[in-house]
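Please consult the sequence and the structure shown below alongside the text.

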Amino acid sequence: MTEKVKKSIPWLLILTLIVLSCAMGFQLGVPKIKADTNTVTPTVTVGNAAPTVSNVNLTPHPIVVTENTTTTVTCTATLTDTNGGNDISSATATIYRSGVGSNCSADDNNCYKVASCTLGTASGNDRPATCTADIWFHAEPTDSGTYEGETWQCEVTAIDSQSATGSGTDSTPPELEAQNAITVTASINYGTLSPGATSSASEIITATTTGNAAVDVQLSGTDMTSTSTTSTIPVGQQEYALSSVEYGSGTDLSGTPAPLELESVKPTTHPSDQSDDIYWRIGIPSGQDPGTYTGTTTVDAIAD
Amino acid sequence: MKFKISLILLLVFFLLLFSWINLAFGFGISPPRVFNDHLIPGAHFEQTITLTQARPETPLKIEVIIDAPEIEDWFEIKPGKSFTIPAGVQQFPMKVSVSVPKDAGYATYQGKLTIRAIPAEGGEGQIAVVTGAVADIQLRVSGEEFSDFRLKGVDTPNIEEGDPIKVVMKLENLGNVKVRPSRVYLRIFDQYGQGVVEEGEATGMNWIEPFKTGKVIAKMPNKLSIGEYWAEIEIYKDGELVLLDKRKFHVVEKGALGKIFGFHWWRWVLVAGVILAGILTWKLKLWGKALAKLGIRIKVEKIKR
């Protein structure tokens, strides 16, 4: 019996502490309901109230596109209907460059229509909405260039069960940043040439603009090195041009980056509609050791 | 025989597919510039340049070359001048940190920041083509003070009854002096957005340091009772209205915010702590010793009937 009591003491203490904690902090409120003895049965017709949209927020801030593909942006909003949040049946959104306005026609450069936003659980008169759009790499930038000073905006429209609508926009809309990007052929293969010979035909690499800004390129390279001996072919033996010209008429490649003005402008569609071919030829010095030579050519996107 | 032909066709298809994948490599930077026209000697600012690639199948080695005579040592690149973007990452933020020395001369400094993406080496007898992009650098250092900011977000969080209404503003300081809005004015409407129930200045704002982004909080005392309200917010910059917006918020009973299943988190921690302490001491048989130290002795005797 003594042992049993001894064993119970800690548990009694724990229980006491829990009871004390509850007494201190957990003051459970019991709703008080007042009964009214004088009841009447009133009649009222509740009209439909149009929903309102607030707290619209387009993210990320700023928007950064991804070269040659899409990037997801998210627009959130609070939809409110004084008939109750559940009265809101759907929501749509338009994500657009501010200069084209919310009534714009769908265009992957500046206007994205979200046909159906995801509605969250209603809480009182409110219902959260989340709208997403995949923005293409060629979407027009607003931090520089033609549309500097504009922003990317999101307008969310709430629709209730009676088809009444209400709209709202982001009061602190983000910029969409310019991006210089190119996609370039991964390698150049001049084939087999004899010492003293020059390329009989041009090797072509294609530089495709895959960002939302017009770009030029700068070109540089390294000497080609033999895979079996210490021989090298100087970098200046390679030439490039924007058309297929005879060896000797192109520009010598150098270890120092040199700009090359491309004809491409900003892409307006996907896949990118802006690309330039760069033609390459090589001259092998007389007396060059036979062997296989490899090297590196660098193509950097620079501002147009 | 048919199976063999199908297998060969399938292999050819995959070979073509993989050779197409290796045909070209893309890389981009955003924004392609590091510009700041409002630096003063001793100033510090950070900018993010996002490196992007559409097909991040493999890790991508990056090399950064700063070509900016006179100011090269003002730059710090995070995570470094050479790093690897893990496979699967389409957008990688690279921080460019610029610290202007206190003895820097007043001038406009220019340069280039070249970011190269080094793909796997080309095959033997080939010229591997490396793709990169160049960000232009233009930094103007002067003794002129410049004050400006950009609003990046506004919120009016729910409050407990009796607490001041809060306007939380995310603000990017574009200038070289600390900044905050010159004025924040609130009009509080009822839940239908109809009648004004209170209005006034929101004050007590903190400052944002030069070239930093942070939260500024303005507060307005009020006598609002529990319920749903709309706040019409006016934010001014040097006396000019830069934002007018309506935000919804709730006033809730005192102590109602930050509760888990109806109770404050610290109450749950208290109970969990008490139970845990009880179990531990019981398991370690410390109760008897502790009571003995306190001079408490429990003697249990049989009750004689």
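How many residues of domain 1 of chain B are in contact with domain 2 of chain B? In this predicted model, 5 residues of domain 1 of chain B contact 4 residues of domain 2 of chain B.

**Chain B domains**

- Chain B is assigned domain 1 (25-141), domain 2 (149-252) and domain 3 (259-293).
- On the side of domain 1 of chain B that touches domain 2 of chain B, there are 4 nonpolar residues, 1 polar residue and no charged residues.
- The C-alpha centres of domain 1 and domain 2 of chain B are 37 Å apart.

**Chain A domains**

- The assignment for chain A comprises domain 1 (52-169) and domain 2 (182-303).
- Contacts between these domains involve 12 residues of domain 1 of chain A and 11 residues of domain 2 of chain A.
- The side of domain 1 of chain A that touches domain 2 of chain A has 5 nonpolar, 4 polar and 3 charged residues.
- Taken over C-alpha atoms, the centres of domain 1 and domain 2 of chain A are separated by 44 Å.

- Val184(A) counts as buried because 27 other C-beta atoms lie within 10 Å, the threshold being 20 or more.
- Beyond its neighbours within four places in sequence, Val184(A) is in contact with Ile205(A), Ala207(A) and Val299(A), as well as with Ala24(B), Phe25(B), Val129(B) and Thr131(B).
- Ile205(A) is 21 residues from Val184(A) along the chain, and their C-alpha atoms are 6.7 Å apart.

Terms used:
Residues are numbered from 1 along each chain as its sequence is written. Chains are lettered from A and ligands numbered from 1 in the order in which they are written. This is a predicted model: local features need pLDDT of at least 70, side-chain atom pairs count only at pLDDT 80 or more; totals for chains, interfaces and linings use all residues. Domain bounds come from an automatic or database domain assignment. Two residues are in contact if their C-beta atoms, placed from the backbone, lie within 7 Å. Ala, Val, Leu, Ile, Met, Phe, Trp, Tyr, Cys and Pro count as nonpolar, Asp, Glu, Lys and Arg as charged, and the others, Gly among them, as polar. A residue is buried if 20 or more other C-beta atoms lie within 10 Å of its own, exposed if 12 or fewer, and partly exposed in between; C-beta atoms are placed from the backbone.
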